[in-house]
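Let's take a walk through this assembly together, one piece at a time.

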Amino acid sequence: MSETSAWILRALFVAVLATLPFLVNGYWLNMAILALIYSLVVYSITVLTGFTGLLSFGQAGFVGLGGYTYGVLSVKGVDPAAAAAWGLLVPTVAGFLLGLPAARLRGHYLAIGTLGFGVLVGQMLNNMVDVTRGPMGLLGIKSFGFDRVTWFYFVLALAVGLCAALEYLDRRTFLGVVLKSVKYDEISASASGIGVFAVKLLAFSASAFLAGSCGVLLAAYMRFLTPDLFISAESFRYLMMSVVGGVGSASGAIISSLILTAVPEALRAFGETNVRLLVYGLMVLFVLWFLPGGIGGLIDRLMTPVRRRITPRPRVAEPAPQPTSLPGRAS
Amino acid sequence: MLTQIIVNGLILAGNYALVAVGLTLVFGVMRMVNFAEGQSVMIGAFVAFTATPYVGYLPAIAIAMATNAVLGIILERTAFRPFRGMELNGLIASMGMSIILINLAELIWGTVPQTFDTSFNNISVTIGTVGVSVQRLLVIASSVVLLLGLWWLVQYSNLGRQFRAVSEDPEVAGAMGINTNAVARMSVVLGSALAAAAGALSGPVNLITPEMGQAEMLNAFAAIILGGFGNVNGTIFGALLIGMVQSLAAVYVSNAYSNSIAFGLLVVTLIFFPRGLVPERMEENV
Amino acid sequence: MSIPMLQLRGVSKRFGGIQALQNIDLVGQAGEVHGLIGPNGAGKSTLIGCITGVNRIDGGEIRLRGDRIEQLPVHRRARLGVARTFQKIRLAQQLTVFENVAAGLCAKRFATASGWRGVLAPLSSRAIAEPVEDALVATGIADLADEKVASLPYGKRHFVELARNLVAEPDVILLDEPATGLTDDEREHLSMLVRQMAERGTLVILVEHDLNLVGRLCDTVTVIEYGRRIFNGTPAEAQDDEAVVRAYLGSAKLAKEAQA
């Protein structure tokens, strides 16, 4: 596929999404909004796992922190904008703090350590009844004052914009290379001057920020929260979305959150919830069997990679090397 | 009080240990996390629950283990073998299987928690000043017997040697003529059967629901991490620690926080011992 | 005499009960090619690890341009101008050659506090593309820029690693058996690159089993055996040194003499 047709396809995808409010009823529009909000937490996994190679089983914890910070403050009468700012700040700081010990953990230790964090947040939300109202749920959260269609375009713009930004970051920027170097080989990355610990902290904070923003939007849109929305099973659901989308592919992430939200709903025709979820589980298995790289892997296969042509540049009278004028460094 | 705490702690520990060694075994052999292990516990409990009225409790445990052995074969085929070398995909595939199993169970047995009553529940013996039901003692005793059996198997049997060889280095093991696929399958089968025993044994002590596997597995994970991944002895030690701490917490703090305390312990441990209390193996050489 | 580029004094390292390095001294000047040789397991790679910071030393000191660096972590030393290749090549297999080499720029870009500012620069920007392309051309792998490292033959990967080091314009470069698995032509290319680096004022420390190559390239050699330095001097002197002959060329030569 040429670069041009790839752009046409992207434009088409966004255009079809943008016409959704005219095509579907309120129920489905609601689903689309939720799916787009959930794409933000899938992006948070794209950044953490896909780019930097760190596995987290506790993303729902960050979503919960963001959601409840916004929710509790807004119920207390804090202005939605200020509440949203706190709702972004709290999970980001939590991500940074969790990163301090977690950046030293590897593989499954990291996964279970973050799972521990997720479980703790979930239980905290449940047990801190004075603040969160616990299992009774947090009612009366104030919203941004959008109607449903505005909400849709707002989250669509956010999800698509972030998707583009992440794809650009991943494929085109120096930071993308830095992150992926850490993912593939920490030892050679540090030998090349990359501060692996700092990069991991950055990835944790950025990922927590994205997950937190998902929480803030969920709280503001639904205007009702229960701790059940942020239990570990949710973390696993996000991971599933991420893997089905192809970890590390932001485009795959948005498509997979749309599909994995829409399909279970569409399966309501089958009646019973259990049958629905059964089909959902099977679907995940089928994607993994036949598309090991997920949706993103499929997209990558369709695109022809850009190839550069390098011609040696004529060396312009290079100054003779002098021991005293070695490449300037902060020494 | 103390007896109560110790008995409850041992019950929890035995359960977590059975689940956790199953996970450790699979992880050691395939470097993959079997996320459906918790569901094996649940299926085991329900199969035993269904079989007990017909054949009696003890044979029902055997039936549950046998059923889960078959389930293990299915799991290995669907969720592990297709994903060798792609650990994350295998993990998600076993999560997919997990969802399928929970919902199958809800279709078959319903979502309402059920009481799994056995004759052992009603007999009790007095230890010190408190009465403890025979069922509870049976859970502890059986866990110990099964764990000892597993230990013997891994340490002395031919199969055990193959397990250790594949854990050490699958390629070398394969080159020496060990059928790594068969060994991998056996690890899932054994893990699943042990989980079935855990479910069938603890089911009568608690209520059984299709959701019961989740919590069981999270705690088993905590035990594994405390003990060090891929290390059977460490895992049992981790399970004991988690079980006892939870049992203490349930009495002195609150039941609602018992999970928080287990995971708090886990998080704190990882801060100071990033590779678990019993580290897996030495740092790689550059 | 000016301050040496790199100076090791009494460097010791132990792993558990094994004394891997004992009291190693080494001096390397800018523009020098310094051979580091010794039998397998003598501690050469360990010494490289000590200089780059992968291994923390238990005693002694390491000075770079006169400043002590033995307490600094790996990435800080890299930013001060210490680059290395690995005996068992370490590259990001799933990234392209271009991306791998671009990662090498970190040592230079992050050397100053303002380095983080340019981190969002596109890979196609001049500040990144030019040095990377130069390094690719110099190492003769410009045509492989967009290939994944995993798809390259082994010999080429050596050159990717070299390019990744060159792009950072290091002051000290440690090459851990860079000629393993190279064809004769590639070996020649490598020799040329090593000479060029030295001419530019880089201290090249070369760990190599090919003594021929060491003899041709190196100004100085340090020989270690069982973690101790047993010789330091020119390659020519080394050939006549009894201890070196016994230790390194050792068994084979002695066996021959015994036969004669």
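This is a predicted model: local features need pLDDT of at least 70, side-chain atom pairs count only at pLDDT 80 or more; totals for chains, interfaces and linings use all residues.

Two strands count as paired if DSSP finds at least two bridges between them. Strand E1 (residues 6-15) of chain C and strand E2 (residues 18-28) of chain C are joined by seven bridges and run antiparallel. To find one of these bridges, look for C:Leu8, whose partner in E2(C) is C:Leu26. Two residues lie between the strands in this hairpin, and there C:Gly16 adopts a positive phi near 55°.

E1(C) also pairs with strand E4 (residues 59-64) of chain C, again in the antiparallel sense, through five bridges. Here C:Arg9 has C:Glu61 of E4(C) as its bridge partner.

Now zoom out to the whole of chain C. Its domain assignment gives domain 1 (1-81 + 172-179 + 201-260) and domain 2 (90-169). The C-alpha centres of these two domains of chain C are 27 Å apart. Four residues of domain 1 and six residues of domain 2 make up the contact between them. On the domain 1 side, three of the residues are nonpolar, none is polar and one is charged.

Finally, turn to chains A and B. How many residues of chain A are in contact with chain B? There are 33, and they meet 36 residues of chain B. On the chain A side, helix H6 (107-127), helix H12 (232-245) and helix H14 (273-290) each give two or more residues. The largest share, eleven residues, comes from H6(A). By class, this side of chain A has 24 nonpolar residues, eight polar and one charged.

Conventions. Residues are numbered from 1 along each chain as its sequence is written. Chains are lettered from A and ligands numbered from 1 in the order in which they are written. Two residues are in contact if their C-beta atoms, placed from the backbone, lie within 7 Å. Helices (H or I, at least four residues) and strands (E, at least two) are DSSP runs, numbered from the N terminus. Ala, Val, Leu, Ile, Met, Phe, Trp, Tyr, Cys and Pro count as nonpolar, Asp, Glu, Lys and Arg as charged, and the others, Gly among them, as polar. Domain bounds come from an automatic or database domain assignment.
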